[in-house]
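Subject: Structure for your review

Dear colleague,

Please find below the structure that I am handing over to you. My findings follow it, arranged by topic.

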Amino acid sequence: MNMEIEDIRGTFKPETIPKETTGDINDYEEALHVLMKFVGYMSSSLEQVSGRGANAIVYQAGKRMGHDAGKMVEKTDDLEKAMNELSEILGIEFVFEMWKPSGQEDYTIEKGDETIVKLLFMDCVVRQTLRRTGLPQKGPLCYLLYGYMVGAVEEVMSIKGKLDIDHVGSNACLKTLTIKWGGK
Amino acid sequence: MVEILIDEDACVGCGSCVDDCPNDVYKMNEEKWKTEVVNLEDCMACLSCHEICPAQAMEHRDIHVAKRLYIDRKVTDVLEKII
């Protein structure tokens, strides 16, 4: 296959802060696909080497990301408000909304010292990556999102949380977020 | 509002969508032995039913279609030339 690689020549000074990146949208697309493949292979290799321990490693990575993302949001005790704010922070790559079955009145369910809310993830970079590399859903990489959400919620609300996967689909995934009141 | 169309001529009545849907959106019509939509308001457009349907008998309208960043355009370009 003949590939033409453009040689970009210019001057580089350490004190110069570049105002824009070089390259066009095709370069970004290619970089995204390489990264998707890399992450996909890394995930399956982790699973091969560490077995179920892979889930914990990826979960921890996601949790760190979530804690960092959560720092950009104002702290609140209101779960619905936290979800709306997080939805903005987590950005267009993790588009989600609260979901409830038609027979249920509110989005949140109170159960003792726990509050439960169902989240519908519509756009998800993890799902895109899995599809790019032909990996099944619900594997270790899905724990990245699990950790991410839990980390972000813990950061914003200063409580403990967990996220369970209810259902995975090619276009959307339903998860249940349970938060436990009473601090960390 | 989501709209689901079932192509009754295509539906083979395997019931895969009925079993797979987590929100019981579908039910098997036992007279026609075809799938029918009985709980449209609970459809969350996960499209698992599309993945599992062997006859591609379904169509969802007015849903959020997730981005398809995973599609490699170079591969689809080659496929288009072959097909």
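A salt bridge is counted here where a side-chain nitrogen of Lys or Arg lies within 4 Å of a carboxyl oxygen of Asp or Glu. By that criterion, the structure holds 12 salt bridges over all chains. Please note that this is a predicted model.

Salt bridges

One of these pairs links the two chains: the side chains of A:Arg131 and B:Glu51 form a salt bridge with an N to O distance of 3.1 Å. This pair crosses from helix 4 of chain A, where A:Arg131 sits, to helix 2 of chain B, which holds B:Glu51. A:Arg131 has a relative accessible area of 30% and is therefore partly exposed. B:Glu51, at 52%, is exposed.

In chain A, the side chains of A:Lys71 and A:Asp68 also meet in a salt bridge, at 3.7 Å from N to O. A:Lys71 has a relative accessibility of 55%, so it counts as exposed.

In chain B, the side chains of B:Arg61 and B:Glu59 are joined by a salt bridge of 2.8 Å, again N to O.

Overall form of chain A

Chain A contains 5 helices and 5 strands. Along the sequence, these elements follow the pattern α-α-α-β-β-β-α-α-β-β. The C-alpha trace of chain A spans about 65 × 40 × 35 Å along its principal axes. Chain A has 184 residues, of which 41% count as buried. Among the contacts in chain A with a separation of 6 or more, 64% are between residues 24 or more positions apart.

How are helix 1 and helix 2 of chain A arranged where they pack? Helix 1 (residues 25–50) and helix 2 (residues 53–70) of chain A pack at an angle of about 135 degrees, and their axes are 7 Å apart. These two helices of chain A are therefore oblique to each other. On the side of helix 1, the contact involves A:Leu46, A:Glu47 and A:Ser50, which meet A:Gly53, A:Ala54, A:Ile57 and A:Val58 in helix 2. By type, the residues of this contact divide into 4 nonpolar, 2 polar and 1 charged.

Nonpolar cores

The largest nonpolar core has 34 residues, and those with the most contacts inside it are A:Met83, A:Leu119, A:Met149, A:Val153 and A:Leu177. Two or more residues come from each of helix 2, helix 3 (79–90), strand 1 (94–99), strand 3 (114–124), helix 4, helix 5 and strand 5 (173–180) of chain A. Helix 5 of chain A gives the most to this core, with 11 residues.

Which residues does A:Met83 contact, leaving aside its neighbours within four places in sequence? A:Met83 is in contact with A:Phe96, A:Met98, A:Leu119, A:Met149, A:Val153 and A:Leu177.

Backbone points to inspect

Most residues other than glycine have a negative phi. A:Lys138 is not a glycine, although its phi is positive, at about 75 degrees. A:Lys138 lies in the loop between helix 4 (125–133) and helix 5 (142–157) of chain A, and its relative accessibility of 47% makes it partly exposed. B:Gln56, likewise not a glycine, has a positive phi of about 50 degrees. The loop that holds B:Gln56 runs between helix 2 (48–52) and strand 4 (58–61) of chain B. B:Gln56 is exposed, with a relative accessible area of 70%.

A buried cysteine in chain B

Where in chain B does B:Cys21 lie? B:Cys21 is in the loop between helix 1 (16–20) and strand 2 (26–29) of chain B. The relative accessible area of B:Cys21 is 14%, so this residue is buried. Along the chain, B:Cys21 and B:Ile82 are 61 residues apart, and their C-alpha atoms are separated by 36 Å.

With kind regards

Note on methods. Residues are numbered from 1 along each chain as its sequence is written. Chains are lettered from A and ligands numbered from 1 in the order in which they are written. This is a predicted model: local features need pLDDT of at least 70, side-chain atom pairs count only at pLDDT 80 or more; totals for chains, interfaces and linings use all residues. Side-chain values use heavy atoms; hydrogens and water are left out. Axes are lines fitted to C-alpha atoms, for helices over the stretch in contact, and angles run from 0 to 180 degrees between N-to-C directions. Helices (H or I, at least four residues) and strands (E, at least two) are DSSP runs, numbered from the N terminus. Angles under 35 degrees count as roughly parallel, over 145 as roughly antiparallel, 65 to 115 as roughly perpendicular and the rest as oblique. Contact means heavy atoms within 4.5 Å. Ala, Val, Leu, Ile, Met, Phe, Trp, Tyr, Cys and Pro count as nonpolar, Asp, Glu, Lys and Arg as charged, and the others, Gly among them, as polar. Buried means under 20% relative accessible area, exposed over 50%, partly exposed in between (1.4 Å probe, protein chains only). A nonpolar core is a set of buried Ala, Val, Leu, Ile, Met, Phe, Trp, Tyr and Cys residues joined through side-chain atoms within 4.5 Å.
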